[in-house]
Amino acid sequence: MNVSPEISVVVPVYNRAKVVSRTLDSIAAQTLRPVELILVDNASTDNSQAVLRTWAARNESEGLRIRILHEKRQGAAAARSRGLSEVTTPYVYFFDSDDYLFPDTLSRFVEAFRSNPQAQIVCGAVVLENMNGQEHTSAPPHRSLIINHFHHSFLRTIAYASRTDFLREIGGWDTNLRIWDDWELGLRILLATPEIVRLPGVVAHNLRTHDSVTGDLYSHRERFYEPVLKRVEALLCASNHPDRRLLLRLVQGRRMMLAALYAREGRKDLSAPLRRRVLALTKRDRWLRLILRGAYHYRRLGLRGTDRITTLLLGKI
């Protein structure tokens with residue numbers, strides 16, 4: 001089995017004893033293995049640590065170093081940040097503990113970096129499987145990569161490998177965020193305008209489950225969303241990105257979509273105040289308020305495509 005001394009893989013793990021072995025097996029089965037696999041247990045309360053130790057003892061070889069770290073701070077961002085601090089290779093790939101890789105993913109990442117020495121990010125599409133078993137591939141890009149990421153997480157964590165020094169220079173994950181931390185980091189990456197190489201085809205399979213970080217009910221994690229949106233607003237206000245004005249409007253659109261989702265989940269106590277707040281924040285822009293009101297009712301009915309319609313309309317006012 002070939003091993004690359006250029007790339008490490010970091011996997012944060014929290015209560016994934018039942019599924020993490022499949023994830024790790026897909027890493028061990030790579031046609032080009034990473035020289036280093038860093039597993040960060042994020043204070044699991046099940047027997048994930050024992051599963052990691054057993055798997056490491058069975059799979060560690062002369063070409064693959066496996067390290068198991070422990071991070072007491074809660075949240076994937078904290079675990080990923082700890083892993084990043086330990087990486088010693090030029091390139092790094094962060095993977096989630098309940099997904100799996102296609103066999104040639106790491107070889108494609110490394111070859112792309114070798115062929116494009118100026119590249120800071122190499123990315124590909126991801127197969128997304130929802131809790132009903134339905135699959136689709138991450139959406140094709142909008143004219144702007146940052147708009148695509150805003151709506152579809154174009155740079156979701158498992159979709160790209162990065163130069164280690166670039167990821168550190170932009171600050172890595174914000175450990176204060178407990179949700180959407182990969183979305184916020186992707187926006188920060190794109191605001192830094194890095195050299196990006198896009199691979200054809202898919203690189204990983206993402207499986208969403210009831211105990212995934214995002215879960216299946218938005219209202220269960222209501223307190224975590226606003227800190228992310230405020231952080232993104234601050235980043236955008238400080239930037240000179242050509243889509244800055246549209247993106248700031250889309251932040252309000254995302255708040256309104258959350259209000260609609262809370263309403264669909266029967267939580268009017270969360271939905272109504274947030275909806276009023278968004279309309280108050282946009283009271284000087286009559287057309288923006290009209291579009292956001294329409295988007296709210298459209299999404300509350302469970303209709304799809306709200307993001308594309310909203311982007312089109314907001315981009316014209």
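Modeller: Here is a short talk about the labels and the values behind them.

Modeller: Please keep in mind that this is a predicted model.

Colleague: Happy to. What makes the protein as compact as a globular protein of its length?

Modeller: It has 12 helices and nine strands. Its radius of gyration is 20 Å, and the globule rule, 2.2 Å times the number of residues to the power 0.38, gives 20 Å for 317 residues, so the protein is as compact as a globular protein of that length. The C-alpha trace spans about 65 × 45 × 35 Å along the principal axes.

Colleague: How much of the protein counts as buried, and how much of the accessible surface belongs to carbon and sulfur atoms?

Modeller: Of the 317 residues, 54% count as buried. The accessible surface comes to about 14800 Å², with 50% of that belonging to carbon and sulfur atoms.

Colleague: Let's turn to V35. Why is V35 called buried?

Modeller: Buried means under 20% relative accessible area. V35 has 13% relative accessibility, so it counts as buried. This residue sits in strand β2, and beyond residues up to four places away in sequence it touches V3, S4, P5, I7, G63, L64, R65 and T89.

Colleague: On to helix α2. How do you know that its length agrees with its number of residues?

Modeller: Helix α2 covers residues 48-59, which is 12 residues. The expected span is 1.5 Å times one less than the number of residues. That gives 16 Å, and the end C-alpha atoms of α2 are 16 Å apart, so the two agree.

Colleague: Which residues of α2 are buried, and why do you put them on the same side?

Modeller: The buried ones are S48, V51, L52, W55, A56 and N59. They cover an arc of only 130 degrees around the axis, so they lie on the same side of α2. These buried residues pack against β1, α1, β2 and β3. On the face turned away from the buried side, α2 carries the exposed residues A57 and R58.

Colleague: One last topic, the strands. What makes β4 and β8 a pair?

Modeller: A pair needs at least two bridges between the strands. Strands β4 (residues 91-94) and β8 (residues 160-163) have three, in the antiparallel sense, so they pair. Within this pairing, Y93 stands opposite A161.

Colleague: And how many bridges join β6 to β8?

Modeller: Three bridges join them, and the strands run antiparallel. Here I121 stands opposite S162 in β8.

Note on methods: Residues are numbered from 1 along each chain as its sequence is written. This is a predicted model: local features need pLDDT of at least 70, side-chain atom pairs count only at pLDDT 80 or more; totals for chains, interfaces and linings use all residues. Side-chain values use heavy atoms; hydrogens and water are left out. Helices (H or I, at least four residues) and strands (E, at least two) are DSSP runs, numbered from the N terminus. Buried means under 20% relative accessible area, exposed over 50%, partly exposed in between (1.4 Å probe, protein chains only). The arc is that of the directions from the helix axis to the C-beta atoms. Contact means heavy atoms within 4.5 Å. Accessible areas come from the Shrake-Rupley method with a 1.4 Å probe; for residues, only the protein chains shown count as cover.
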